[in-house]
Amino acid sequence: MSNSSMRSRFRRKTNSLRQSANKRGLKYSLVMKDIIEIYCQFPACPACGLDFKKDYKHPQYATVDRIDPRFGYVVGNVQLLCSSCNNLKERIVKRYLPLKEWHEAAKGLSLFPLLVEGLDLYYKT
């Protein structure tokens with residue numbers, strides 16, 4: 001992906017996220033540079049390992065995920081996930097895993113082991 005297309009894509013993404021955060025009453029302090037740095041550091045989804053795709057309709061399109069849903073879009077609480085993994089995380093967290101347990105499980109671990117651990121926590125209680 002060229003630098004200009006990447007900047008354009010992430011500029012649209014930051015504007016959209018800012019509007020969404022404002023509507024939901026979440027803190028938003030990201031700038032485009034923050035998202036580009038995350039993308040350059042992790043050009044593939046950390047959950048499934050697949051490279052991100054340019055087409056926003058593609059299941060591997062990069063989406064900004066709040067690591068802990070209780071907090072806003074701030075540096076240290078966001079990562080890029082492909083849209084498939086982000087949707088999977090959202091469904092599992094909403095359905096099975098209370099936020100407190102998600103937050104505790106999320107410390108320093110990768111996404112899919114967390115989901116399995118979270119489901120184990122859910123079914124054991």
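1. In this predicted model, 49% of the contacts between residues at least 6 apart in sequence join residues at least 24 apart.

2. The protein contains five helices and two strands. Along the sequence these elements follow the pattern α-α-β-β-α-α-α.

3. Of the 125 residues in the protein, 40% are buried. The accessible surface comes to about 7700 Å², and carbon and sulfur atoms account for 54% of that surface.

4. The largest nonpolar core has 22 residues, among which Ile 35, Cys 45, Phe 52, Val 64, Tyr 73 and Leu 80 touch the most other members. Two or more residues of this core come from each of H1, helix H2 (32–41), S1 and strand S2 (78–82). Helix H2 provides the largest share, with five residues.

5. When its neighbours within four places in sequence are set aside, Cys 45 is in contact with Leu 50, Phe 52, Leu 81, Cys 82 and Cys 85.

6. The largest pocket holds about 520 Å³ of space. It is lined by 18 residues, and those closest to its centre are Val 64, Arg 66, Tyr 73, Asn 86 and Glu 90. Val 64 and Tyr 73 were also named above among the core residues that touch the most other members.

7. Which elements each supply at least two residues of the lining of the largest pocket? They are helix H1 (3–24), strand S1 (62–66) and helix H3 (83–96). The greatest contribution, seven residues, is made by H3. Sorted by class, the lining of this pocket consists of seven charged, six polar and five nonpolar residues.

Methods: Residues numbered from 1 in each chain as written. Predicted model: local features only at pLDDT ≥ 70, side-chain atom pairs only at ≥ 80, totals over all residues. Heavy atoms only, no water. 1 Å grid on protein atoms, 1.4 Å probe; cavity = no way out; pocket = protein on both sides within 12 Å on 5 of 7 lines; lining within 4 Å. Points joined across faces, edges and corners; volume = space filled by probe spheres on them. Helix = DSSP H or I, 4+ residues; strand = E, 2+ residues; numbered from the N terminus. Nonpolar A, V, L, I, M, F, W, Y, C, P; charged D, E, K, R; others polar. Core = buried A, V, L, I, M, F, W, Y, C linked by side-chain atoms within 4.5 Å. Buried < 20%, exposed > 50% of the residue type's maximum accessible area, 1.4 Å probe, protein only. Contact = heavy atoms within 4.5 Å. Areas by Shrake-Rupley, 256 points an atom, 1.4 Å probe, with all protein chains shown as cover.
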